[in-house]
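Here is a short note for a colleague who is opening this structure for the first time. Please keep the sequence and the model in view while reading.

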Amino acid sequence: MSLTEQARAVDAPAPGDEIHARRRRQPASWVGAAIVAVLAAMLVHTLIRNPRYQWSVVGDYFTSTQILSGLLQTLELTVLSMLIGIVLGTVLAIMRQSRNPILSGTAWGYVWFFRGTPLLVQVIFWYNLASLYPRLSVGIPFGPAFVTADANHLVSRLTAALLGLGLNQAAYTAEIVRAGILSVPRGQIEAATALGMTPMTRMRRIVLPQAMRVIIPPIGNETIGMLKTTSLVSVLAMPELLYSAQLIYSRTYQTMPLLIVASLWYLIVTTVLTLIQTRIEKYFGRGTGRRSSPGAVRRFGKRAFTFHGAPRVTEGGPTR
C-alpha cells in the first residue's frame, strides 16, 4: 500500500461515526419528538387530573347489562351485514366480469346507485318502505300473488338495519372482489380453460383462491368500518351500543362518561378484529415473499431441498 492510500485509510471515518454524524445533523426529528412527548404528557395529565371525565361512572357502566346487550347487538349487526355484503358483493363482481351486457350492466348500476347515495338515507328509506308499499307480495310477475304480508310487520328495525347496511356494503365489496379477480394473471385463467374447467369451477378453484390475498386486507378494513358504521342505526331507535349509551345518559345526564364507555368498547373490539385480520392476511399471504418468519423459512428450506420423483409442470413443459 502506498503512502497516499495509507493516509486516505487513516482519514476515512468509521461506519459508526458516519451514522452518528448523520443523526446529529437531523435536529428537526428530535424537536418533533420532543413536541409529541410533551403533548402526550399533557394528554395523560388531563385524563388523570380532570374530574369531569368521571372515571368512576365509566367503571360503573362499563359492564352494565344494558351496555353489554347493546354491544352484542352491534356485533350481530356487524357479522350479518358483512355476510350479506360479502355474498352479494361476490355475485355482483362475477356479474361485472360477465360478457352478457344485461348482467354486467345490472351489476354496474347496482354499484353506482348504492355507492352514490348516503348510507343513512338508505337506512331510513328501508325503515319507511311501508309508505311506498303498504303490502309486500310474492307471486307471478304481473299476475296473481301467492303470499302477501304487511310491510310494517315485515320490515322491522332489525330488517331495515340489515338491508341498509348489507346492501350498501355489497356495492363496495363488489369492487374489492372485482379488483382481486383482475389481479389474477390471465395465463392462469387460460390454463384452467385449456384443462376443460367450466367457468364456475375455474372461478372457484383457480381465480378466487389466488385473489384472496388481494381481497382480504380491504375486506378486513371494511369489517372494522362496519363495526363503527352500525352506530348509524341509532336513528331507528335500535338498541345497539351507541343507542344503549344514549338511553342511559338521557336519564342520568352523564353524557361524556357514557360516550367514553361506548368508545372504549369500540376500541376493544376494533383491536381484536385487527389482530384477526393480521393473522388471516399472513395465512393468505404465504408464498408472496412479503413476510417470512423463522419457522416459515425452515419449512421452506425443508420443501426446497426435498426431492420427489413426480415431475412438475411449468410453462416450458414438465421438469423433474
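1. A crossing of two helices is called left-handed if the near helix is turned anticlockwise from the far one by less than a right angle, and right-handed if clockwise. Helices here are DSSP runs (H or I, at least four residues), numbered from the N terminus. The model is predicted, so local features need pLDDT of at least 70 and side-chain atom pairs count only at pLDDT 80 or more, whereas totals for chains, interfaces and linings use all residues. Residues are numbered from 1 along each chain as its sequence is written, and side-chain values use heavy atoms, with hydrogens and water left out.

2. Helix 5 and helix 13 (residues 255–284) make a right-handed crossing. Their axes, which are lines fitted to C-alpha atoms over the stretch in contact, come within 12 Å and cross at roughly 40°.

3. In this pairing, I67, L68, L71, T74 and L75 of helix 5 meet L258, V261, W265, Y266 and V269 of helix 13, contact meaning heavy atoms within 4.5 Å. By class, that contact has nine nonpolar residues, one polar and no charged, where Ala, Val, Leu, Ile, Met, Phe, Trp, Tyr, Cys and Pro count as nonpolar, Asp, Glu, Lys and Arg as charged, and the others, Gly among them, as polar.

4. The structure also holds two salt bridges (a side-chain nitrogen of Lys or Arg within 4 Å of a carboxyl oxygen of Asp or Glu). One joins E175 and R96 at 3.2 Å, N to O; because E175 lies in helix 9 (residues 157–183) and R96 in helix 5 (residues 65–96), the pair ties together parts 79 residues apart in sequence.

Notes
Helix = DSSP H or I, 4+ residues; strand = E, 2+ residues; numbered from the N terminus. Axes fitted to C-alpha atoms, helices over the stretch in contact; angles between N-to-C directions.
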